[in-house]
Amino acid sequence: MGTVGTVVALIGTLVAVDAAGAADAPPVSASAIPATPPPRPAHAQRWTALEARQFWTKERMAEAKPLPDAKPTRARKVSHPRLHGAVQRPNAGGPHTQDLREVPMDTAPTDTPTPSAAPTPTDTSTPEPSATPTDTPSPTATDTSSASPSPTDSASPTPSPSPSPTGSTGTSATSSYFGGLPMVGRMYMQTSSGYYFCTASVINSPHHDIVLTAGHCMDSRAGGGSMAFVPQWTAANPQPYGVFPIATDSEGRSRVWIDPRYYDRGHVQGAPWDVAFVQLGARSDGKQVQDVVGGNNLATGRGYVFPNVTLVGYPGNDPQPLTCTTATTQFTPTDGTPGSYLQIACSDYRVGTSGGPFLADFNPQTGTGDVVGSIGGWDTGGPTADISYSSLYDADIQNLYNAAVAGSAPARPNVLPSASTMTHATLMASGYFTPSPSPDPDKSDLIVRWSDGELTLYRGAGNGRFDKEIQLAASNTTWTKAVSMTAGDFTGSNTYDLMVRWTDGSLTLFPDVDATGLHQQITLVKPGTMWQHEVAMTAGRYTTDDHWPDDLIVRWSDGETTLYKDISASGAHGEAQLNPPNSLWTHATTLATGDFAGSNESDLVVRWSDGELTLYPDVDQNGFHGEVRLRAPSTLWTNATVAVAGNFTSTDNWPDDYLVRWSDGQVSMYQDTGTTLGTESVLVAASNSTLPYNRR
């Protein structure tokens, strides 16, 4: 590139993580499900039922430990003497999601050697149950028989009755062991440190394949493909209904839906959304989980107080689940955790019970009820074993369920770094550089040039998430000389290109940037030209003679603003002056392109030096055609340091989401901006900042 030097593209490591997302649907207060299943996008199952069955042997399930709750503060739940004496809770593991980018599970199961558990190509696991509905699971009180019964394959298997209470009393209702319910079981997962489980339950759904558990069980583990659900596990009969794999996408990432606010705000500030819905794949005989074991109805909008709720969960390493029936009350924390929660006083619900269902209107004959809560929420379920909590099942939970049923793209944990790191994001550009995983619709990606010259691509995953971090260039002196940066499809190949203006006044084009890096560099303008006076530029579709976003708007140091049309690898092919040199436009600090008016033509958003934010709709070679004030002059908005626009969310297909990096490193996205500034979503939160958290 002349004096600027040669750019070497270094391909970085792709970090895959998964998560979930809430759809925008009206609140629902009923437990009914649609009569006709809504269509769901097809997805490629990378983790099959046979693989899950071969991997999750009886020995591995016995080796699994309760997943430690990632509680940032407070003492852990106290364990009580049970069948095996004092069961000590494992130490909590894992960083806080609000502090660090979490490393997800392995995307494929690894074979950790054990004396008795080594999967082989031959299916040697316990055979799946017969489809003949003749026998039900043995209704013994302790389920200690060594024989494996032949379970029913009907939609509503008979639950095992509860034994006499054996738990501690005190102020909590006494819990007791029982043989379990067919629609409640263990959710198994593998991490780098071993095998773990939480409690999960089947929720009635149109596709018969949804289970419910706690968000904190899944938020940092949904990237892997080695998870499976085992209904009505007991030590004596560990697979009475077989093994159901977690459905995966085209990259092997689990189909898990968690409200994006839980990812962004962490286990404390995100406690009101500590819920996860998970899509299961069919059993190895092709049957869906709800068709085999039945399910419970999701019930939202019914409040906090219930006279009788049955609580089910798998505590510690005990051989059977616990049950307890008592009333719930409303609990409002005073420790700074937002929201209010369902509270239930049942003894001995230790680690492992997270995700266990709160069943209202429970019918002991059918073993079914309405799920009005699940262990989680405040303090990831509570600091002691004898009182448990649940997030309120409101419209947000219903919307999350609706998203899972529809198969919408799950929100995923953001891999954007902390605010302190984001203060070094000096240039940004948005565009379509790498596809989102199938079947998720493709969303805009983000390229960041850091102050040390590193160039990073963040893959867009919808719902304002960026789920992979790809290094395009390592830190270097060349890219510290980049002054301005924008992206468009200048070469007409349906993959976006990166345009860069350098300190020496040269302008270069990097065509078809993708996840494998930068491939070529084309000099459009040589060094030592008038382009040394370029202050800001942004690319889009400002002319209608083709459908490519290949036009460029430039603001010069004297305030002149120019539109260059149909830029290609051979240069610009037309120039139009939008306004002559003037003092007003010398105050145009940042430029961003999007389709905020929804007319299939690009609009320009300008942030001025006094903090005003202005929209210019449908700019073209004939000039400006009106203006809309999105934000009045404001001291706050003078801190909006870097801004881009793109299609970062799943609500529509318009590039109308306005993304801002603030002076303190916080990143805000204003979703679906139009003639008014859209709803703010904080993607990266600044700590100890003098600026407010919400910024409008």
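Predicted model: local features only at pLDDT ≥ 70, side-chain atom pairs only at ≥ 80, totals over all residues.
Residues are numbered from 1 along each chain as its sequence is written, and side-chain values use heavy atoms, with hydrogens and water left out. Strands here are DSSP runs (E, at least two residues), as are helices (H or I, at least four), numbered from the N terminus.

Strand 29 covers residues 561-564 and runs antiparallel to strand 28, with four bridges joining them; two strands count as paired if DSSP finds at least two bridges between them. Four residues sit between the strands of this hairpin, and Gly559 takes a positive phi there, near 95 degrees. Strand 28 also pairs with strand 27 (residues 534-540), again in the antiparallel sense, this time over six bridges. On that side, Arg555 of strand 28 is the bridge partner of Ala536.

What about burial? Six of the six residues of strand 28 (residues 551-556) are buried, so the strand is largely enclosed by the rest of the structure. Buried means under 20% relative accessible area, exposed over 50%, and partly exposed in between, using a 1.4 Å probe and protein chains only. Asp551, Ile553 and Arg555 point one way from the strand, while Leu552, Val554 and Trp556 point the other way, and all are buried.

Moving on to the cysteines, the structure holds two disulfides, a disulfide being a pair of cysteine sulfur atoms within 2.5 Å. With the bonded cysteines numbered in sequence order, the pairing reads 1-2, 3-4.

Cys198 and Cys217 make up one of the links, with their sulfur atoms 2.1 Å apart. Cys198 belongs to strand 6 (residues 194-203) and Cys217 to helix 3 (residues 215-218), so the bond ties together parts that are 19 residues apart in sequence. The link of Cys198 and Cys217 is left-handed, at -90 degrees about the S-S bond. Cys198 counts as buried at 1% relative accessibility, and Cys217 is buried too, at 0%.

Cys324 and Cys346 form a disulfide as well, their sulfur atoms 2.1 Å apart. This pair links distant parts of the chain, 22 residues apart: Cys324 is in strand 14 (residues 322-331), and Cys346 is in the loop between strand 15 (341-344) and strand 16 (357-363). The torsion about the S-S bond of Cys324 and Cys346 is about -80 degrees, so this disulfide is left-handed. Cys324 is buried, with a relative accessible area of 3%, and Cys346 is buried at 1%.
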